[in-house]
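Work through the exercises below with the coordinates open. Try each task before reading its solution.

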Amino acid sequence: MEKQELIIEKVVDNFSSAPGSSHFGELGQRATRLQDEAMKILGAINQVLRSILNITYDLKEMRVR
């Protein structure tokens, strides 16, 4: 378009939901669900790391014996 010497104007759209709208509430629910899912994933990672550490400690004890 620039080669054809047309004037290009970029339009910026800043959209934000009103606090009382259903879109705003839906975004809040979606954020809460994502946070809950992240906490579940982090909890699972924590369990795996604890298991790995316990296994390494057990292996060290077995080597000592």
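**Exercise 1.** Which residues form a nonpolar patch on the surface?

Solution. This is a predicted model. The patch consists of Met 39, Ile 41, Leu 42, Ile 45, Val 48, Leu 49 and Ile 52. Together they have about 670 Å² of accessible area. Now take one member, Leu 49. This residue sits in helix α1, which covers residues 22-64. Its relative accessibility is 48%, so Leu 49 counts as partly exposed. The cut-off for exposed is over 50%.

**Exercise 2.** Find the salt bridge and place its two partners.

Solution. Start with the count: the structure holds 1 salt bridge. The partners are Arg 30 and Glu 26, with an N to O distance of 2.8 Å. Next, check the spacing. Arg 30 and Glu 26 are 4 residues apart in helix α1, so about one helical turn separates them. Arg 30 is partly exposed at 40% relative accessibility. Glu 26 is partly exposed too, at 39%.

**Exercise 3.** Compare the chain with a compact globule.

Solution. First, list the elements: 1 helix and 0 strands. Second, take the radius of gyration. The chain has 27 Å, whereas a compact globule of 65 residues would have a value near 11 Å. Third, take the extents. The C-alpha trace spans about 80 × 45 × 10 Å along its principal axes. Buried residues make up 2% of the 65 residues. Finally, take the surface.

Technical notes: Residues are numbered from 1 along each chain as its sequence is written. This is a predicted model: local features need pLDDT of at least 70, side-chain atom pairs count only at pLDDT 80 or more; totals for chains, interfaces and linings use all residues. Side-chain values use heavy atoms; hydrogens and water are left out. Patches are made of residues with over 30% relative accessible area and no salt bridge: like charges are joined within 9 Å, nonpolar side chains (Val, Leu, Ile, Met, Phe, Trp, Tyr) within 5 Å. Accessible areas come from the Shrake-Rupley method with a 1.4 Å probe; for residues, only the protein chains shown count as cover. A salt bridge is a side-chain nitrogen of Lys or Arg within 4 Å of a carboxyl oxygen of Asp or Glu. Helices (H or I, at least four residues) and strands (E, at least two) are DSSP runs, numbered from the N terminus. Buried means under 20% relative accessible area, exposed over 50%, partly exposed in between (1.4 Å probe, protein chains only). The radius of gyration is taken over C-alpha atoms; the globule rule is 2.2 Å times the number of residues to the power 0.38.
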